[in-house]
Amino acid sequence: MSVLVIAEHNNATLNSVTASVVAAAVQLDADIHVLIAGSDCSAAATAAGQYQGVSRVLVADNTAYANQLPEAVAPLVSSIAADYTAILAAAGTTGKNLMPRLAALLDAGQISDIVAIEAQDTFIRPIYAGNALATVKTSDPVKILTVRTSAFEPVGNGNNPDQMALDTVISQNKSQFISENLSTSERPELASASIVVSGGRGLGSAENFQLLERIADKLGAAIGASRAAVDAGFVGNDLQVGQTGKIVAPELYIAVGISGAIQHLAGMKDSKVIVAINSDADAPIFQVADYGLVADLFQVLPELESLL
Amino acid sequence: MKILVPVKRVVDANVKVRVSADKSSIDLSNVKMAMNPFCEIAVEEAVRLKEQGVATEIVAVTVGEEKSQEQLRTAMALGADRSIWVEQTGFVEPLAVAKLLKAVVDRESPDLIILGKQSIDGDNNQVGQMLAALCDMPQGTFAFRLSIENGRALVSREVDGGEQVVSLSLPAVVTTDLRLNEPRYAKLPDIMKAKKKPLDKITPAELGVIVSSSMTTIAVHEPPGRKAGIIVGSTGELVDKLRNEAKVIP
Ligand SMILES: Cc1cc2nc3c(=O)[nH]c(=O)nc-3n(C[C@H](O)[C@H](O)[C@H](O)COP(=O)(O)OP(=O)(O)OC[C@H]3O[C@@H](n4cnc5c(N)ncnc54)[C@H](O)[C@@H]3O)c2cc1C
Ligand SMILES: Nc1ncnc2c1ncn2[C@@H]1O[C@H](COP(=O)(O)O)[C@@H](O)[C@H]1O
């Protein structure tokens with residue numbers, strides 16, 4: 001039997017998180033297939049074929065899958081699920097949207113956000129905003145898994161597997177795609193950046209986030225934010241780090257004007273090195289910081305910029 | 001239009017939970033419980049649709065132990081008209097919750113079902129999508145804006161790179177994200193009134209659902225703690241440490 005990885009892509013390019021999902025799949029089985037469901041998605045399919053460990057790329061290329069709506073993709077995957085012992089996707093918004101719908105169609109449970117694989121049926125996942133790690137065993141014949149990609153080292157390139165077209169077309173009109181507004185940034189992706197500079201309510205305004213941006217530019221870092229900063233409209237929601245936002249684990253995480261609520265820590269406490277800059281010495285963020293600086297961020301940030 | 005709102009009783013968001021001494025579960029004795037924050041947002045959204053004259057009836061439903069009736073009373077104090085308590089003690093996995101909710105949907109025939117995107121105890125983010133599949137309904141997950149237009153639900157969704165808008169035929173399933181609205185607080189007179197609103201109890205057997213489970217939690221552990229760091233005295237010292245000690249910046 002084999003395992004199936006659902007690739008994350010936008011038809012033209014493959015999202016690099018897929019390499020981490022393949023890495024998780026490698027721990028489960030030697031025979032790994034990757035599914036690209038989309039429209040005019042041959043570029044993404046070619047890219048997926050490069051990943052080490054992949055033996056076959058399945059391509060469902062049809063306008064029915066143009067926007068990868070789960071109402072179409074879940075039945076598509078369900079139609080081939082019997083061939084697999086496990087089906088995996090990244091635990092981003094795409095995977096979270098699709099996989100439970102697929103699981104229910106298969107009458108299977110789902111294990112969300114796995115961070116480690118103990119055995120072919122046993123997985124570790126965080127619960128309660130990462131305050132505990134649960135070891136969960138499933139008896140489902142096909143395991144439906146979403147993968148916390150920051151916990152798996154991505155596989156490399158260098159491969160040439162066979163490609164197979166999937167001709168099944170699931171047409172539906174219960175759900176229609178209307179529009180999309182994706183932010184474009186020159187900066188690295190938040191979820192995979194090696195340095196993240198995050199700001200919180202302490203920044204005070206959207207304009208003040210420019211202080212962080214200048215530092216991020218010098219370090220080649222991604223920008224992140226606390227929910228309070230998002231709620232206050234300082235930055236867009238896609239920058240939110242935490243239990244209900246993005247989970248990051250960069251080499252260096254710099255938290256500026258962030259208190260360190262459990263929900264925020266849930267999204268960044270696995271970073272290798274954590275720096276906290278906060279004027280309140282009692283802020284809980286200092287309990288997880290490797291280097292803390294108790295100071296006014298409006299004094300520190302310009303100093304930092306000139307020293308980098 | 002009738003709206004069904006599934007709500008869940010969970011640990012209060014401000015509580016830092018501890019693993020039980022035998023490492024089998026989370027210690028929930030004497031811990032403050034509350035309605036899952038995303039469910040509060042779901043109730044609020046339903047109430048606003050009723051205030052706008054779009055919805056006519058709001059039914060709250062929960063699957064849980066006896067005490068989860070408290071969360072149904074809260075939902076009714078916030079504006080739900082009546083509620084359904086599906087009595088089930090112990091842990092119920094998301095697929096089983098979805099099956100029970102599906103049975104309630106079959107009885108109630110709602111036009112819209114609004115759930116939270118995620119329960120903050122299990123952090124599953126599954127039930128809404130599973131329910132949509134079981135009911136063969138379209139889904140609008142992680143909603144930050146919702147409107148009913150020309151007999152369809154227009155849902156603006158939070159996605160990793162930004163935002164996406166989908167249009168769904170009704171009946172549909174919508175799950176809430178934090179930005180959808182800011183839930184109101186229940187006023188005392190409404191809390192009193194809620195005590196008189198109908199709360200019907202039903203069992204899984206009466207719903208014709210056999211609650212089964214394919215998942216076993218073998219153990220629960222504390223995550224590895226971080227070792228205590230240091231407080232530096234100046235920005236210069238910070239940069240020096242990052243460069244020469246941690247070696248994380250050039
Ligand atoms: C269900 C739920 C889910 C949630 N999910 C998330 C999530 O995913 N991510 C998330 O981040 N939060 C989340 N939250 C919110 C979380 O509980 C906190 O409210 C939030 O993280 C606080 O953000 P903050 O640290 O920026 O703001 P605050 O807690 O207000 O902290 C601001 C900090 O800035 C410091 N400060 C102010 N001025 C200065 C200055 N001039 N110089 C230096 N420091 C200064 C202050 O000392 C303070 O510590 C969630 C909450 C709930 C209920
Ligand atoms: N036991 C339950 N009873 C009623 N609704 C529930 C229950 N569990 C989950 N839900 C709903 O499903 C949403 C997502 O939960 P989950 O999939 O467990 O993260 C919650 O916000 C609720 O709206």
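**Conventions**

I take a helix axis as a line fitted to C-alpha atoms over the stretch in contact, with angles running from 0 to 180 degrees between N-to-C directions. Helices (H or I, at least four residues) and strands (E, at least two) are DSSP runs numbered from the N terminus. I am working on a predicted model, where local features need pLDDT of at least 70 and side-chain atom pairs count only at pLDDT 80 or more, while totals for chains, interfaces and linings use all residues. Residues are numbered from 1 along each chain as its sequence is written, chains are lettered from A and ligands numbered from 1 in the order in which they are written, and side-chain values use heavy atoms, with hydrogens and water left out.

**Entry 1: α5(A) and α8(A)**

I looked up helix α5 (residues 209–219) and helix α8 (residues 297–307) of chain A; their axes come within 10 Å and cross at roughly 25°. The two helices are therefore roughly parallel to each other (angles under 35 degrees count as roughly parallel, over 145 as roughly antiparallel, 65 to 115 as roughly perpendicular and the rest as oblique). The crossing is left-handed, a label given if the near helix is turned anticlockwise from the far one by less than a right angle, with right-handed for clockwise. On the α5(A) side, I noted A:Leu211, A:Leu212, A:Arg214, A:Ile215 and A:Lys218 in the contact, where contact means heavy atoms within 4.5 Å. The α8(A) side supplies A:Phe298, A:Leu301, A:Leu304 and A:Glu305. By class, I have six nonpolar, no polar and three charged residues there. For these classes Ala, Val, Leu, Ile, Met, Phe, Trp, Tyr, Cys and Pro count as nonpolar, Asp, Glu, Lys and Arg as charged, and the others, Gly among them, as polar.

**Entry 2: chain B overall**

I find seven helices and 13 strands in chain B. Its C-alpha atoms fill a box of roughly 65 × 45 × 40 Å along the principal axes. Of the 250 residues in chain B, 54% are buried (buried is under 20% relative accessible area, exposed over 50%, partly exposed in between, with a 1.4 Å probe and protein chains only). Among contacts in chain B with a separation of 6 or more, 70% join residues 24 or more positions apart.

**Entry 3: α3(B) and α4(B)**

Next I checked helix α3 (residues 94–108) against helix α4 (residues 127–135) of chain B, which pack at about 50° with axes 9 Å apart. That makes α3(B) oblique to α4(B). The crossing of this pair is right-handed. From α3(B), the contact residues include B:Pro94, B:Leu95 and B:Val105; from α4(B), they include B:Val127, B:Met130 and B:Leu134. The contact of α3(B) with α4(B) holds eleven nonpolar, no polar and two charged residues.

I then asked how covered α4(B) is, and seven of its nine residues are buried. Among them are B:Gly128, B:Gln129 and B:Cys135. The buried residues of α4(B) pack against α4 (93–105) and β5 (110–114) of chain A, together with α3, β6 (112–116), β7 (139–149) and β10 (172–176) of chain B. Just after α4(B), B:Asp136 takes a positive phi of about 55°.

**Entry 4: two buried polar side chains**

I looked at B:Glu44 in helix α1 (residues 37–51) of chain B. B:Glu44 is buried, at 4% relative accessible area. Its side chain makes a polar contact of 2.9 Å with that of B:Arg184. I count a polar contact as a pair of N or O atoms within 3.5 Å; within protein, one must be able to donate a hydrogen and the other to accept it, and residues adjacent in sequence count only if both atoms are side-chain atoms.

B:Gln164 sits in strand β9 (residues 162–169) of chain B and is buried at 6%. I find its side chain in polar contact with the side chain of A:Glu180 at 3.3 Å, and with that of B:Arg157 at 2.6 Å.

The peptide bond from B:Leu170 to B:Pro171 is cis, with omega near 0°. I place B:Pro171 in the loop between β9 and β10 of chain B.
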